[in-house]
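Welcome, and thanks for taking a look at this protein with us. Here is a short tour of how its chain is arranged.

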Amino acid sequence: MNKKSWKHIYSGVKNLYEHAVTVLFALIEVSVILQIVARFSPSIQLPWTEELARMLLVFTTVLGVVCVSRRGEHLGAYFLRDLSKGRLKGVLYLCGSIATLIFLVALASGALTMYLSVGAAPATTTMPWITRGMIYAALFFSAMVMAVYGVRDLIHSIQVLLGKREITKKGTSSPFPEED
């Protein structure tokens, strides 16, 4: 496969993933609206809506952070790197990239450990088919995908340090416009 085909596949997967997260968020809204309607109607009993909204919020957050990580829009302290110049800017970017990767490896390891220890346990009382393992599997998956973006940022930071690349955007973890 050529580079253009890979970019097309990557773009399709990225769009599908982002649409899936959007659908999860929309389902939260539907669940909360059902919960409100059920509260004010004595004839409607929907005890599962609160737990569904909570679980959807967890999954939306855990999976949605990948979208934010890809674009480099997650919370971070980039002002020191953005204020510095030359080699120091590259060193700060490298340190941030390494720290992020260490955190993501620890997160993935912890998620995998928890998945193996509580995998089949139900996460809710009204929907026992949602297991705790599902939550930790989603967290593990997200950490691994974010680690791929972390490796991308590590490679970019090394290129900045070697003077082969310039940081062109400020205030994001991935300060390169082509990553949008």
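Predicted model: local features only at pLDDT ≥ 70, side-chain atom pairs only at ≥ 80, totals over all residues.

## Overall fold

Among contacts with a separation of 6 or more, 65% join residues 24 or more positions apart.

## Burial and surface

The protein has 180 residues, and 37% of them count as buried.

## The largest nonpolar core

The largest nonpolar core holds 21 residues, and the members that touch the most others are Tyr17, Phe59 and Leu63. Two or more core residues come from each of α1 (3–39), α2 (49–71), α4 (86–118) and α5 (132–161). The largest share belongs to α2, which gives eight residues.

Which residues does Leu63 contact, leaving aside its neighbours within four places in sequence? Its partners are Tyr17, Val21, Leu24, Ala138, Phe141 and Ser142.

## How α4 meets α5

Two packed helices are described by the angle between their axes and the distance between the axes. For α4 and α5, the packing angle is about 160° and the axes lie 8 Å apart. Because angles over 145 degrees count as roughly antiparallel, α4 is roughly antiparallel to α5. The crossing of α4 past α5 is left-handed.

Terms used: Residues numbered from 1 in each chain as written. Heavy atoms only, no water. Core = buried A, V, L, I, M, F, W, Y, C linked by side-chain atoms within 4.5 Å. Buried < 20%, exposed > 50% of the residue type's maximum accessible area, 1.4 Å probe, protein only. Helix = DSSP H or I, 4+ residues; strand = E, 2+ residues; numbered from the N terminus. Contact = heavy atoms within 4.5 Å. Axes fitted to C-alpha atoms, helices over the stretch in contact; angles between N-to-C directions. Parallel < 35°, antiparallel > 145°, perpendicular 65-115°, else oblique. Left-handed = near helix turned anticlockwise from the far one by under 90°.
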